[in-house]
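Subject: Structure for your review

Dear colleague,

Please find the structure below, with its sequence.

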Amino acid sequence: MLELQFTRRFSMGHRLIAGAAERCSLPHGHNEFVTVTLQPVRPGPLDGSSNMLVPFEQAKARWHRFVDERLDHALQLSSTDPLLAWFRANEPERAERIVVTPGDPTTELMACLLMAKLGAILQADGSLLRCAGMRIEETPTNTVTFTGDPMEMLPVSQSGGPGWWLRPDMSIA
Ligand SMILES: [Zn+2]
């Protein structure tokens, strides 16, 4: 199977308060690499002319824009984190730049959320490609990879409506 892989780098901040080690409970950051693996939904032979898998510039551009404009230098917080309520009450413009997650924003959760987000983007782009793998390198020695259906891993959205990870737009909350 021919596959495409793209890697993008971003800086992020988060804190983990529900059960991780105490040292993770103060806001801190990582420089991360996110690598996605894409497969054609309907594999076929190359056409002998352009010899490209499928046109993917549009989906790639939208994905990279999401990483660059929404993930890079964003703060990731659980929807139940009191810091989120503080930002919304005191600095609402900055609260718009917070990635809100169902529970602590661990790398494991982010891999599933981002895989679902990219899946929504690819679907909106005509379902020519599907995301077959998501890899987040949190540190040079700590990487999370996910393959499979992220919907089987994700908690049900607590706000009632579909989560931002199901929308093919730039939303992060
Ligand atoms: Zn961390």
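Helices (H or I, at least four residues) and strands (E, at least two) are DSSP runs numbered from the N terminus. The model is predicted: local features need pLDDT of at least 70, side-chain atom pairs count only at pLDDT 80 or more, and totals for chains, interfaces and linings use all residues. Residues are numbered from 1 along each chain as its sequence is written, and side-chain values use heavy atoms, leaving out hydrogens and water.

The C-alpha atoms of the protein chain occupy a box of roughly 60 × 35 × 25 Å along the principal axes. Of its 173 residues, 43% are buried (under 20% relative accessible area, with a 1.4 Å probe and protein chains only).

Strands β5 (residues 129–139) and β6 (residues 142–146) pair in the antiparallel sense over five bridges; pairing requires that DSSP find at least two bridges between two strands. The two form a hairpin with two residues between them, and E137 stands opposite T143 in β6.

S25 belongs to the loop between β1 (4–14) and β2 (28–40). S25 counts as buried because its relative accessibility is 12%. A polar atom of the S25 side chain lies 2.6 Å from the backbone oxygen of E22. Beyond its neighbours within four places in sequence, S25 is in contact with R15, L16 and I17 (heavy atoms within 4.5 Å).

Kind regards

Definitions and conventions:
Buried means under 20% relative accessible area, exposed over 50%, partly exposed in between (1.4 Å probe, protein chains only). A polar contact is a pair of N or O atoms within 3.5 Å; within protein, one must be able to donate a hydrogen and the other to accept it, and residues adjacent in sequence count only if both atoms are side-chain atoms.
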